Amino acid sequence: MADLNDMAWWQRTIACEVYPKSFLDMAGQGTGTIAGITAKLDYLQKLGIGAMWITPCYKSPMVDNGYDVQDYYAIDPSFGTMADMDELIACGKKRGIRIVMDLVFNHTSEECSWFVESKTSRDNSKADWYIWRDAREDGSAPTNWRSIFGGSAWEWCEERGQYYLHTFAKQQPDLNWECPEVRKALFDIANWWADKGVGGFRIDAITYIKKPPVFEDGPADGEDGLYPVHAATANTPGILDFLHEFKTAVRDGRDIFMVGEANGVAAEELDKWVGENGVFDMLFEFSHTHVPMGAAEIWCRPVTWKLTDLKRALAASQAATVSNGWYPAFFENHDQPRSTVNFFRCEGPLAEKAKVLGVVLLTTRGTPFIYQGEELGYGNAEWKSIDEFDDVQTKAQFDFAKGEGLSDAEALAACVRFSRDNARTPMQWDASEAAGFSTAKPWLPVHDDYVTCNVAAQEADPDSVLAWYRSLAKLRLGNDVFLAGDWHELMADDEQVMAFERTLGDVRAVTLANFSDEPVTYDADLVEGLELLAGSMGDATTGELRPLEAVVWG
Ligand code: NOJ
C-alpha cells in the first residue's frame, strides 16, 4: 500500500497531452499556437490537470510535426516565441499545471546545425555525432534494415560519401550516443529547460538510442526484402548505462518527473527501467495498444483480439509497477487512433464507449494521461482519400501496404483505421466554422461531427462525456483510494467486463466497465456494502451492467 504523503506531486495528479498544432490557433493561420494553450488553461484546470505534456514545439522543418528538431533552444515561429513559452510555463504554474517538454534525443532534423556540419566530411568537429557507415562493395546500404516509417533505414549522403542511419524518416538522422559530446549536448538541453521551471520531460523513442556493436542484415519479413530496424536495434544491452548517466545529469535533485517512450520494453523488464533503481519515473510501454493494432511493422495485416488480451496486458503492467516505479495510464496519444474505435469490437454510441474507457483511465492505479479530445469522446475521422492525410508515417505505410499486395482500397482502409492523423484533427471547441479551432482553413480537416460534438455543447450537457470526465477527475482527486490504493483485478477471465478493485486501509472501491453491447450480470457480492460513486448511465443496479455501462462503487 502506498502512503499518500510519500507520493510525489506527479503521482497525485492527472496529466494530459496537448498536440499544439491541433489545439487552438490564436494567429489565424490554420495551425495551433502556444498562446492558444495558455488561453485554455482554465479548461484544463477543470479537468483536474496538474501536468501537461506538450509535443515538440522547437524550431523544426516539421517533416514529422516537430519530432525533427532543428534547434532545441528555439520555439518554431509557427507556434510563437520563447516569450510565449515562458508565459505558458508561468501561467500554468499559477494554476498548478506544470509543463512537460518532449525531448527528441534519438535523432535530430537533417537541418539541425549538428547534422549540417557532420555531413560535410569525415573529420569535422561533429563527424561522429551521427551513425555513418560506408556503402557495401556494390554501393548498396550497409544493412537491410527498414525504417519505422517504411523504406530503407539508410540514406546516402553524396557530400560525405557515406550512408547515415535514420530509424524514422530520412530527414531524421539518428544521433550517435556513443560519442560523449553528443550526450553532453543533450543533457545540457534538458537542464536548460529544467532550469526554466518545467515539471518534467517525456523522452521520445528512447529505446533506439543504443545501437548494436555489429551491424548485420536480418531475415526479411516483407515483400521489400527488409528487416525492421526495431528488431535490429531496440533495447540494445548497455542502453541503461546511457540512461543512468542521463538521470544523474538531469533528474537527480530536481522535483520533476521523466517519462520515457519505450516501445519494445516488456512489462517484465519494467523494474530495470523505472523506480528507485531504474532510470525513469514512468515508462510509456505499448503492450496494451499493441493488442488491437498489432506490432508496428505488420500494422496493415488484420489483427484478432479479445478483451482478455487487453486486460492481461494492463494487469501485467500494473503488476510490474507495484513495487517498482509508477504506471502512466493511457489509451490515446498523438500516434494512436481514437480509443473509442480502437478498443471496442462491438457497435454502439461513441459517447458511451468513451465513458467506459474514461472510468478505467481515471480510477486505475498510476498517473492518467488524457489526450486532447479524448474527454469529448469522438472517433476517427472520415478520410476519403490518401491525399487528405498529412502524416509522413501514414503515407509511407500506404505505400508499404501496397507493396505487401494490398489494393488501393484495402491500403486506404488500413490508414483510415490506424492512421496517426486520426488523433491529430483539430480540437473541437464549438459549433462555429472550423470548430472554433482557427479562423483560417485548418491544416487537417475538422472531424465531421464537430457541430454536435464540441466543448461548448458538452459543457452545457450534464450527461456529456466531458461532464463525465470532470466528475471522475473530482472523484479521483478527492478520494485517496484512487491515488494511493492497491490495485487488484477482478473477473480476470471475463470477455465482456473489465473490473478491478482499489483498496487503501479499510477503504475499498470497485470499477466495473462493460466493453460489450450486451447486458451482463456479475456477482453482486463484489460490491456488497458499497455505494454507487459514479454511473455512466446515471443510476445502476448491483450485479447487472447495461450494454456499454461503466460504474464505480465505493
Ligand atoms: C514517437 C513520437 O511519438 C512520434 O510522433 C514520432 O514520429 C516518433 N517518435 C519519431 O520521433
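A residue is termed buried when its relative accessible area is under 20%, exposed when the value is over 50%, and partly exposed in between, as judged with a 1.4 Å probe and the protein chains only. The model is predicted, so that local features require pLDDT of at least 70 and side-chain atom pairs count only at pLDDT 80 or more, whereas totals for chains, interfaces and linings use all residues. Residues are numbered from 1 along each chain as its sequence is written, and side-chain values use heavy atoms, with hydrogens and water left out.

Under the criterion for a salt bridge (a side-chain nitrogen of Lys or Arg within 4 Å of a carboxyl oxygen of Asp or Glu), the count comes to 29. One of them joins Glu 117 to Lys 126, with 3.9 Å between the closest N and O atoms. Glu 117 is partly exposed at a relative accessible area of 28%, while Lys 126 is buried at 17%. Another salt bridge pairs Arg 183 with Glu 245 at 3.0 Å, N to O. This pair links distant parts of the chain, 62 residues apart, with Arg 183 in helix α5 (residues 180-195) and Glu 245 in helix α7 (residues 239-251); helices (H or I, at least four residues) and strands (E, at least two) are DSSP runs, numbered from the N terminus. Arg 183 is buried, with 12% relative accessibility, and Glu 245 is partly exposed, with 34%.

A salt bridge of 3.6 Å, N to O, is also formed by Asp 391 and Arg 424. Asp 391 belongs to the loop between β15 and α13 and Arg 424 to the loop between α14 (408-418) and α15 (455-459), so the pair ties together parts 33 residues apart in sequence. Asp 391 is buried at 1% relative accessibility, and Arg 424 is buried at 1%. Both residues belong to a network of salt bridges that also includes Asp 64, Asp 335 and Arg 420.

An oxygen atom of the ligand lies 2.4 Å from an N or O atom in the side chain of Asp 335.

How values were computed
Polar contact = N/O pair within 3.5 Å; in protein donor to acceptor, adjacent residues only side chain to side chain.
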